[in-house]
Amino acid sequence: MKTTKLIAVPALAAASLLALTGCIQMPPAAPGNDTDTDTGNGSGSSAAESLDDTSWTGAIDGVVAPFGFTLNADGTVDITTWGDSDETYDFPQDVWEGDSSDLTVTITGLEEGEFDLTVTGTAENGQMDLSGEGTNGSSYTLTATQD
């Protein structure tokens, strides 16, 4: 029985040492040598950009082209041009949230107040590509280029 205990103690110590080596962290990569694979946003790519106070020109398929709009820092959307009109629209119900990699925009009162539209997608590298469904049940795409 004593021989078994004498063999078991070093075996347990060796197993514990092997288990602990998996817990040791490697030092961070030296500056200039990082792999640029993750910046902490969970996507494995570069960090998403803020869209606060950015201006865009685009179209909503089947509704209007071109139209200009600004994504205000307070989460509202200002319509700066609409089709051939230079009229501006600033309704508190027109809102946006997110960042360049995950953007949601809601524009209300389209087609003379017949429906509202909420679209989602990305706005990366100066190009916006959003899609969604209006409260009228139809699908729409909003595409835009940053001014």
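Colleague: Why does E111 count as partly exposed?

Modeller: Buried means under 20% relative accessible area, exposed over 50%, and partly exposed in between (1.4 Å probe, protein chains only). E111 has a relative accessibility of 36%, so E111 counts as partly exposed. Please bear in mind that this is a predicted model, in which local features need pLDDT of at least 70, side-chain atom pairs count only at pLDDT 80 or more, and totals for chains, interfaces and linings use all residues. Residues are numbered from 1 along each chain as its sequence is written, while side-chain values use heavy atoms, with hydrogens and water left out.

Colleague: Why is E112 called exposed?

Modeller: E112 has a relative accessible area of 82%, and is therefore exposed. E112 belongs to helix α2, as does E111, the helix covering residues 110–113; helices (H or I, at least four residues) and strands (E, at least two) are DSSP runs, numbered from the N terminus.

Colleague: What makes the backbone of E111 worth a remark, given that it is not a glycine?

Modeller: Most residues other than glycine have a negative phi, and most peptide bonds are trans. E111 has a positive phi of about 55°, and E112 has one of about 60°. As for peptide bonds, the one joining A65 and P66 is cis, with omega about -20°, and P66 lies in strand β2.

Colleague: Why is strand β2 described as largely enclosed by the rest of the structure?

Modeller: Strand β2 spans residues 64–71, and six of its eight residues are buried, which is why the strand is described in that way.

Colleague: Why is the pair of F67 and F69 called stacked?

Modeller: Rings of Phe, Tyr and Trp (its six-membered ring) pair if their centres lie within 6.5 Å, and planes under 30 degrees apart count as stacked, over 60 as edge-to-face and the rest as tilted. The search of the whole structure finds four aromatic pairs. In the pair of F67 and F69 the centres are 5.0 Å apart and the planes make an angle of 20°, and the pair is stacked. F67, F69 and W82 form one aromatic cluster.

Colleague: What makes F67 and F69 buried?

Modeller: F67 has a relative accessible area of 0%, so F67 is buried, and F69 counts as buried because its relative accessibility is 1%.

Colleague: Why is N72 called buried, although its place is in a loop?

Modeller: The place of N72 is in the loop between β2 and β3, but its relative accessible area is 14%, and N72 is therefore buried. Leaving aside neighbours within four places in sequence, N72 is in contact (heavy atoms within 4.5 Å) with D53, V77, D78 and W96.
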